[in-house]
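Q: I am new to this structure and would like a guided look at it. Could we start with the surface and then go inwards?

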Amino acid sequence: MPNGFSRTEVIEIDVPIKPSNPRPFIIDDYTLSKVLRYRTKMLWYFILNRDSLYKTWRIPKAHKKTRIIHEPQKQMKIALRNLNRRLLNPLQEPLGEHVVAYRKEHSIKMAVAQHIRPCPICDTAPSGISPKKHDCPKYGTLIKIDLKDFFHSTKKSWVRRCFRHLGYTHYVSDLIANLTTINLGRTGERRKDGVPQGSPASGAVCNLVANDRLDPNIQAFLARQNGVDQLTAPWEWRYTRYSDDLIITCGKLLPKDRRVAIVKELKGIIRTCGYRVNPKKVKAPHSYFRKRILGIVINRKMNLPKEEYRKMRAIVHNCKKHGFDSQYKKAGKKSAAQLVDYLQGKLGYMEFICPEKGGKLMAAFQEARMEWAA
């Protein structure tokens, strides 16, 4: 042969349909602008003018406090949505099941279900009859910790370092960090750059950063506690983070001094990672009290709080008996149509959490709604 080859060998290989690494290919500002579906000059316009492309407003919170929301303008919002859909969501796919919020095909119900432990005695007990006294993993230890200013405390340097750990170059990581953060004011003479609350990409960015800085340290600490107490399934320590809500449970009921010591250790880990703890929302109650996670009761199974269920049942009953027009002011709504929309969403959520109880309320509401519409 002309090039000196005397034999050609062909090797067949199987190429996976979906690559194991979902990391999108970005090497410079041009490839990043293709992810945003804008020209490169628009990417630099977003980065250089990012502080002026957000509208700031406040919404009321409990105890006369307010929450600061930074809403991006139209073009900036479209770019961040594309960034979230084409870059950040694929990067969240390899995350563990302990990260639930701001992820596709994940819900609040999945976060709560991880902390409901199986028990052959309780699970097989007849309805309405308390099972005999036994050592049950359902009545173990519950610790709830809330992170203060979860979005705003996520610094631009943390975002840049996170994307460097994901495999991107320093240049690309810096572009993404500048695109997803804004100036939140000044601390003394230093400018404070953080993730804005209200951006379509903020939830995914904070998830990735917290999974890089915080989650592995807490999971390692809980793994050491499992070794100390020699705990295995279903008694082992479990950890879930739903945005800024940290949920930590154990099937073994620990004494008060041990719970206090573990909470102190967890606070130290959180502070070491750079986050702040909201001291008013740190709870480690005794198992005799009702266990409530993210607004859902989990003592024996996933259930609705009694007071919330009874309140909605009374509203639906009155609407069915007297009509929506006579009830919307009592419910604090401006019109009967607003009350109908409120009940539609609220009862839909209750039906999703507890199909048995929520389904009954939804059926009664739909019947009352049909009579009102007629």
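A: Accessible areas come from the Shrake-Rupley method with a 1.4 Å probe, and for residues only the protein chains shown count as cover. By that method the accessible surface of the chain is about 21,600 Å², and 52% of this surface belongs to carbon and sulfur atoms.

Q: What kind of model is this, and how are residues numbered?
A: This is a predicted model, in which local features need pLDDT of at least 70, side-chain atom pairs count only at pLDDT 80 or more, and totals for chains, interfaces and linings use all residues. Residues are numbered from 1 along each chain as its sequence is written, and side-chain values use heavy atoms, with hydrogens and water left out.

Q: How many helices and strands are in the chain?
A: The chain has 13 helices and 10 strands. Helices (H or I, at least four residues) and strands (E, at least two) are DSSP runs, numbered from the N terminus. The C-alpha trace spans about 90 × 60 × 55 Å along its principal axes.

Q: And how much of the chain counts as buried?
A: Of its 374 residues, 44% count as buried. Buried means under 20% relative accessible area, exposed means over 50%, and partly exposed lies in between (1.4 Å probe, protein chains only).

Q: Switching topic: how many salt bridges does a search of the whole structure find?
A: The search finds 13 salt bridges. A salt bridge is a side-chain nitrogen of Lys or Arg within 4 Å of a carboxyl oxygen of Asp or Glu. One of them joins K138 and D123, at 3.3 Å from N to O. K138 lies in the loop between α5 (120–123) and β3 (141–148), and D123 lies in helix α5, so this pair ties together parts that are 15 residues apart in sequence.

Q: Buried or exposed, what is K138?
A: K138 is buried, with a relative accessible area of 8%, whereas D123 is partly exposed at 46%.

Q: Which residue meets R276 in a salt bridge?
A: The partner of R276 is D149, with 2.7 Å from N to O. Because R276 lies in strand β8 (residues 276–277) and D149 in the loop between β3 and α6 (156–165), the pair ties together parts that are 127 residues apart in sequence. R276 is partly exposed at 40%, and D149 is partly exposed at 39%.

Q: Where do R258 and D229 lie?
A: R258 is in helix α10 (residues 256–272) and D229 is in helix α9 (residues 215–229), 29 residues apart. Their side chains meet in a salt bridge of 3.0 Å, N to O. R258 is partly exposed at 22%, while D229 is buried at 17%.

Q: Which residues are linked with K156 in a network?
A: R50 and D193 are linked with K156 in a network of salt bridges. K156 is also one of the buried residues of α6, which include W158 and F163.

Q: What do the buried residues of α6 pack against?
A: They pack against α3 (74–92), α7 (170–180), β5 (190–194) and α8 (202–213). Such packing is counted by contact, meaning heavy atoms within 4.5 Å.

Q: Now the pockets: what volume has the largest pocket?
A: Its volume is about 1,200 Å³. Of the 38 residues that line this pocket, the closest to its centre are D146, D244, D245, N278 and K281. The largest share of the lining, six residues, comes from β3.

Q: How are a pocket and a cavity told apart?
A: On a 1 Å grid over the protein atoms alone, a cavity is a set of points where a 1.4 Å probe fits but cannot get out. A pocket is an open set with protein on both sides within 12 Å along at least five of seven lines, and lining residues have an atom within 4 Å of a point. Grid points are joined across faces, edges and corners, and a volume is the space filled by probe spheres set on the points.

Q: Which residues lie nearest the centre of the largest cavity?
A: H115, P137, K138, K291 and I298 lie nearest its centre, among 13 lining residues. The volume of the largest cavity is about 80 Å³.

Q: Finally, which residues does K148 touch?
A: Not counting residues up to four places away in sequence, K148 touches S153, R276, V277 and N278. K148 is in strand β3 and is partly exposed, with a relative accessible area of 39%.
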